[in-house]
Amino acid sequence: MADRTTDPTGAAGPEEEPTSSGPLKSSVGMHGITESARYSLAEMGPGRTLRTLSTLNHADGFDCPSCAWGDPRPEHRKTAEFCENGVKAVAWEATRKRVDAAFFAEHSLAELRTRDGHWLEAQGRLSQPMHLAPGATHYTPITWEEALTRTAGRLRGLTDPDRAVFYTSGRTSNEAAFLYQLLARRLGTNNLPDCSNMCHESSGAALAETIGLGKGVISYEDITEHADLIVIVGQNPGTCHPRMLTALEDAKRRGARIIAANPLPEAGFGRYHNPQTVRGLAGPGTLLADRYLPVRVNGDLALFAGLNRVVLDREDARPGTVLDHDFIDRHCDGFDAAAAAWRKLDWSRIEAMSGLSRRLIEACADDVLAAGSVIVCWAMGLTQHRNAVPTIREIVDFLLLRGNIGRPGAGPAPIRGHSNVQGDRTMGIWEKMPDAFLDRLRDEFGFEPPREPGVDTVDAIRAMRDGAVDVFVGLGGNFAQATPDTDVTEAALARCGLTVHIATKLNRSHVCPGTESLLLPCLGRTERDIQAGGEQFVTVEDTMAMVHASHGRLRPGTPHLRSEIAIIADLGHALFGDGLGWQAMRDDYAVIRRHIEHVVPGFHAYEQRVRQPGGFMLPRAPRDSRTFPTATGKARFTVNPPTAAEAPPGHLLLTTVRSHDQFNTTVYGLDDRYRGIKGGRRVVFLNRDDLRDLHLHDGDLVDLVSVNADGERRAPGFRAVRYPVPRGCAAGYFPETNVLVALDSTAETSNTPASKSIVIRVEPATTPAPGVPA
């Protein structure tokens, strides 16, 4: 394979011919330490590495800008309370590289559009506001005052406030998110799509319907101290939430069992070599998964339906000994209808849909019945299917049958992706916030918020595509690459009159501008935030509903950077004057937190409680008191007839995955150590029997063609890699495969893109991949 780069971070050159050595059966260990050190030193240097990593995820430090995994109690945290991908996320943000006016003078928009997202983000931090004028070929510098005045003028001049869209990334703090939704609603729109729409919207929809709360109900200690059985389904913790491995190891040492159900056998299910223990570094490590279920892509609904049938059959065989009848009778409704449906299930259909034998499902049920308290964890492997909401409802049924909600070590656990994506929703970043929230917002600020629901992410793309949006504002994130149907999305952005991106680094969205575009560089979470009221901190909410403070440690990368809060407040002031107190909120973030206290339930004494080490946990009625704020006042059993995506003969079901050198759309390097891939990302993982049937060989260059109701989409130039995926299934990395996801292919109820079950054909390549020589 040719040398692809001279950059020690692996960030400078195009990929050429990726090679494969097969998946690993263990994770982390010494290699994780050396890889973290290599990347952080190359990007930050030794001084910045020490200043950031020594306080990362500590009570007096800053919160990791990558995943939303929770923290142990402050007294239980290690000196190195971070993972390899957390280090890379910090180094990615705290890099010494800069993208300044000279960079944009050298690189035209046309040239930048030929670069992939990996190259763009690797160039460094945005260092000053930049403007792309209508018809211009290059971004040029602009002052903050002119940029904000220009944005405010365009927003003020809209014929309808709904012709603006305000998108949000999950990295945004609670304070910035609250201010952002306030600005949008003061303008008069609920168009507040966010990354939740693309990840756990299905979880929120299913949980709100069944238990009355759209988030999980467990704590960190439920995993480490109380659970007897932890079921991990549709989630790859070793790559996507690596610090979870330590919590799972703690649970295993206590005697808990772990079941992993996933189409790919991930390294994080095997032996965990904890880099902070002798056993981890020099010994055999800890085998995490006691049982691995190689479930077919989109076979999870059938799996849990089968489990529920087995549990019911065992109860019928030994009445009164299996189900928690007291819990069901006192706290649930709908059981009789659900039980009747399970008794009618056809085992041959369950086996065909799940890809698992009845014997294996029965054995899994043995683990369930031997456990007193059960947690089920999941991520986007469940949420991004057509039947995602019924699947998660069936998991709730599974937990309700044995009373596994509202007691220690039990409950549903949707494991969130980006670090404050859950907090954003709590703060009001949602296109259809309930009237009770809007009433409190009205009473606090003295204006009438709009009541008509806004657009979510998919509907925002449709609206832009159809010419119904004039201004797009993105608070963080990489909209063009995170969303489905890449070509459609990029064309939709181009139809906007003005696109505004508040961001730390250059990304693909910035080179897919509207007629006019602004890049507004903001502080990162690693950086100190000093305003007129002194040094500030922000807060975030993790996946366990813990709210805690985050204090930046580094000097801002350039004098031109402003905090997200300052940018939003300055824009609000330019739009509306200071009637809502924008300047006071900019100067002192405690003012924002006082407003949050009055508007958002659970945030009483916000300032005092969040200053305590470790912060505070938000109330969650199903967990706290076994009360369920549903339409019936009880937890709801639901009937979810098993379904599964099917591919016609000659086709496969493709699921999209991350590489280990990636967080969301941010690609740190072109290797995936855990899956044995080196030197490239345009690979498709295929079962050996499917390779044979398709007359292909390991390493062949192929095109992926998705088959959708509105036509076909082609992703060219992928290397076929033989891999232990279930027969009839395939896997490929996103965002490279997002082009195959049709905009109208979404989950029922949640409208989340169905990116995990794409019907494809695999054909010999007709053209090379972008940037890859023929």
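Are Y606 and F616 buried or exposed?

1. Y606 is buried, as is F616; buried means under 20% relative accessible area, exposed over 50%, and partly exposed in between, with a 1.4 Å probe and protein chains only. This is a predicted model, in which local features need pLDDT of at least 70, side-chain atom pairs count only at pLDDT 80 or more, and totals for chains, interfaces and linings use all residues. Residues are numbered from 1 along each chain as its sequence is written, and side-chain values use heavy atoms, with hydrogens and water left out.

2. The structure holds 21 aromatic pairs. Rings of Phe, Tyr and Trp (its six-membered ring) pair if their centres lie within 6.5 Å; planes under 30 degrees apart count as stacked, over 60 as edge-to-face and the rest as tilted.

3. Helices (H or I, at least four residues) and strands (E, at least two) are DSSP runs, numbered from the N terminus. Both W342 and F637 are buried.

4. Y606 and F616 also form an edge-to-face pair, with 6.1 Å between centres and 85° between the planes. Y606 lies in helix α28 (residues 606–610) and F616 in strand β23 (residues 616–617), so the pair ties together parts 10 residues apart in sequence.

5. F103, F104, W119 and Y139 form one aromatic cluster. The charged end of R115 sits over the W119 ring, 4.0 Å from its centre; this requires NZ of Lys or CZ of Arg within 6 Å of the ring centre and within 35 degrees of the ring normal.
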